[in-house]
Structures are given as structure tokens and as C-alpha cells.
Amino acid sequence: MLTRPRRAAVLAVPLLLLAACASEETATVPLDRIVGRWQGADGEALSFSSDRTFTSSGLDSGKLADSKCPGGPSKGSWGFFTDGDSGTQVSKTTKSGSWIGLGFERRFWQCGLLLAVVDDGRTLCATDDPDTPCGLDVRFTRRK
């Protein structure tokens, strides 16, 4: 039988794990750490080039179904978010960052997908809320 302090500790552990997952830390990385092919668990794919263009597919699958992003092969430009005179914006010249914005070639005005760089640059998390880096619970990892 668990004593009262042990019962409290057993009940607190899941809450602490949940809090740790919710407070994901972003990491600032240089451009070359983003360039390459990235894959999500449900077939989502992104490929970033150093000229700030990207291709994507499957951004409407699984947990991203409500994101209103294109599911088929798409392309556009990307950049790191930066603070400027006009507020936070996507920059095509910033050489490092912890948040990535996507601009699709065909206008998908309702696609509000943001990518947070986490795990020291090993993972890109999809979110629609800058206060919650992994808010959509979709993680992209680098493909070989």
C-alpha cells in the first residue's frame, strides 16, 4: 500500500512530464542546419534550400488536417523570423533563427503553419501558436 507522500509523488510525475513537454525550448541555429529534407510521422515532408525556397507535401495529413495547408506537392519561400522596425516578420536575409515561416507560391491564406526549431536543431515542430512551439504535436526530423 502506498503511503500518502508516495501516492502524491506517483500522481505528480505524470503532471511534471506533461509540463515538461508543454514548455519545449527553441534553439537558434544557422541556415545550414535547416537546409535539407525533413519528414513527419504521417508522411509530411519539407525540403529546404539555401536559396530560401522550399518544397512540401502532405501538410494536410494526420494532426495537420485542420491547418488548411496544401496536401499535394507545393513550393514557396521560407525564412527565419526576426524582430524589425515593423515588428516580427519573416526575413529572407537573416542567417540564423529559432522560428521559420513559410510563404507558399500559390496563396494559401489560411495556412498558418509555423515551425519552431527544438532539440538543439534536430527537430522542427509544427505549430499555429508562437507561445506553444510544438502545439500541433507534429515533429519533423531530418531525412538522410
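Me: In which strand is R142 found?
Reply: This is a predicted model, where local features need pLDDT of at least 70, side-chain atom pairs count only at pLDDT 80 or more, and totals for chains, interfaces and linings use all residues. Residues are numbered from 1 along each chain as its sequence is written, and side-chain values use heavy atoms, leaving out hydrogens and water. Helices (H or I, at least four residues) and strands (E, at least two) are DSSP runs, numbered from the N terminus. Residues 138-142 form the strand that holds R142, namely β11.

Me: As what does R142 count at 36% relative accessibility?
Reply: Buried means under 20% relative accessible area, exposed over 50%, and partly exposed in between (1.4 Å probe, protein chains only). R142 has 36% relative accessibility, so R142 counts as partly exposed.

Me: Which residues gather in a patch of positive charge on the surface?
Reply: Patches are made of residues with over 30% relative accessible area and no salt bridge, joining like charges within 9 Å and nonpolar side chains (Val, Leu, Ile, Met, Phe, Trp, Tyr) within 5 Å. Lys and Arg count as positive and Asp and Glu as negative, while His and the chain ends are not counted; the place of a charge is NZ of Lys, CZ of Arg, CG of Asp or CD of Glu. The positive patch here is made of R33, R122, R142 and K144.

Me: How many helices and strands does the secondary structure of the protein come to?
Reply: From the N terminus on, the elements run α-β-β-β-β-β-β-β-β-β-β-β. In total that comes to one helix and eleven strands.

Me: What is the accessible surface of the protein, and what share of it belongs to carbon and sulfur atoms?
Reply: Accessible areas come from the Shrake-Rupley method with a 1.4 Å probe, and for residues only the protein chains shown count as cover. The protein's surface comes to about 8900 Å², and the share of carbon and sulfur atoms is 53%.

Me: How many salt bridges does the structure hold?
Reply: A salt bridge is a side-chain nitrogen of Lys or Arg within 4 Å of a carboxyl oxygen of Asp or Glu. One of them joins the side chains of D137 and K63, at 2.7 Å between the closest N and O atoms. That pair links distant parts of the chain, 74 residues apart: D137 in the loop between β10 and β11, K63 in the loop between β4 and β5. The number of salt bridges in the structure is three.

Me: Does E24 count as buried or exposed?
Reply: R139, its salt-bridge partner, counts as partly exposed at 33% relative accessibility. E24 has 17% relative accessibility, and therefore counts as buried.

Me: Which residues is S56 in contact with, leaving aside its neighbours within four places in sequence?
Reply: S56 has its place in strand β4 (residues 53-57), and counts as buried because its relative accessibility is 5%. Contact means heavy atoms within 4.5 Å. The contacts of S56 are A45, L46, G72, P73, S74 and F104.

Me: Which residues does K68 touch, not counting those up to four places away in sequence?
Reply: K68 lies in the loop between β4 and β5, and is exposed because its relative accessible area is 51%. Its C-alpha atom is separated by 8.8 Å from that of L113, 45 residues apart along the chain. The residues that K68 touches are Q110 and C111.

Me: What is the phi of R52?
Reply: Most residues other than glycine have a negative phi. R52, in the loop between β3 (45-48) and β4, is not a glycine, although its phi is positive. The value for R52 is about 70°.
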